[in-house]
Amino acid sequence: MTPPSPEACMARALQLARHGCYTTHPNPRVGCVVVNAGRIVGEGYHAYAGGPHAEVHALREAGDAAAGATVYVTLEPCSHHGRTPPCAQALIDAGVRRVVVAMVDPNPQVAGRGVAMLREAGIEVDVGLLATDAEALNVGFVKRMRDGLPFVRLKMAMSLDGRTAMASGESQWITGASARTEVQRLRARASAVMTGVDSVIFDNSRLTVRADQLALEDGETIARRQPLRVVVDSRLRLPLAAACLREPGRTLVATCTPDEARREALSRAGAEVLMLPADEGGRVDLRALLAYLARDEQCNEVLLETGATLAGAMLDLEAIDEMHLFVAPTLLGGEARPLFALPGLERMAQQRPLHIDDIRAVGQDWRIVARPSRSAKDEA
């Protein structure tokens, strides 16, 4: 039997890490494989915050076979006491010979200390195998640690002529069931789902993960929590009977209005009202909101599900990292609402270019995954 290559072992560790895609918030997704005498003797992944880390699961499965083994782990083993003891020490105690790390942990509490701890104990450490894949798995955690901001993923559904709703605001449903299942997957992996108050008023959105609509793949599980619901509501127009206020989990209403009576009414209805500064236009300062979500709520990934106004404002701020645009084979006409509200675009030089990463069919619809070009304003 041919021993697995280092690349195959790390790829397996990444596959294991993905099993925690919906459950590890606010921690990163991490997988681990233990190899001894040319065969895998232990595997594990981090399933939820407060539970054992990937290395602990893998070492437990390996047992005595961990002594002298090579360990492949997708993120640098932790070196500090958090909710669980440091994994670097667990590897040392197990007597492993070598540790292959995909990427250094961007968390300042670790940031190379785990690697140093292993090397000081005489363990050979290599860093960088499949690093790009490892970072892609934890784009939100990496961005929060490096920049103090969450990774923002925009989801929108549109007709073939680029419209998201009728002029009245009616929008359910543009896309089919398969596309809506994909949206449930996006919600399930997010730390928070963010929308504008108009979207809630028109659609009465619940902004929840519905397990019955979510098709899980082998090894995947659903988080025990609902993602934080965030409603951007500068003037506190959210109806007190809104469905999102009656769902399990938390609804955070971000505002900049000093209307104390209205704030108290929303609080009694089940909302948590967050007072933020206003931007130059008198609306909620979106940068301040994103910083709050990263710092105080430990949000790694935020799913933005909203209408043209908030989507356009976030695009103007260069706050959107990735777009998932679902295109339905239908036409809504010129009077229907556009995808983005981007006032002031008058010349071709002002257009906003995108990088297309993926296009594929989802049922009868199409999904486009794209990234905004960060240099668009400079080029204009």
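Which residues does Glu55 touch, not counting residues up to four places away in sequence? I found Cys32, Val73, Leu75, Pro77, Cys87 and Leu91, with contact meaning heavy atoms within 4.5 Å.

A note on the source: this is a predicted model, where local features need pLDDT of at least 70, side-chain atom pairs count only at pLDDT 80 or more, and totals for chains, interfaces and linings use all residues. Residues are numbered from 1 along each chain as its sequence is written, and side-chain values use heavy atoms, with hydrogens and water left out.

I picked Glu55 because the unreviewed UniProt entry annotates Glu55 as "active site"; such annotations may be inferred rather than shown by experiment. Glu55 sits in helix H2 (residues 54–62); helices here are DSSP runs of H or I, at least four residues, numbered from the N terminus. Glu55 is buried, at 3% relative accessible area, where buried means under 20% (1.4 Å probe, protein chains only).

Next I checked a helix pair. Helix H3 (residues 87–94) packs against helix H4 (residues 113–120) at an angle of about 20°, with axes 9 Å apart; the axes are lines fitted to C-alpha atoms over the stretch in contact, and angles run from 0 to 180 degrees between N-to-C directions. That makes H3 roughly parallel to H4, a label for angles under 35 degrees. Ala88, Gln89, Leu91 and Ile92 in H3 meet Gly114, Met117 and Leu118 in H4.

Last, I looked at helix H11 (residues 308–316), whose buried residues include Leu310 and Met314. Glu318 follows H11 and has a positive phi, near 55°.

How values were computed: Helix = DSSP H or I, 4+ residues; strand = E, 2+ residues; numbered from the N terminus. Buried < 20%, exposed > 50% of the residue type's maximum accessible area, 1.4 Å probe, protein only. Parallel < 35°, antiparallel > 145°, perpendicular 65-115°, else oblique.
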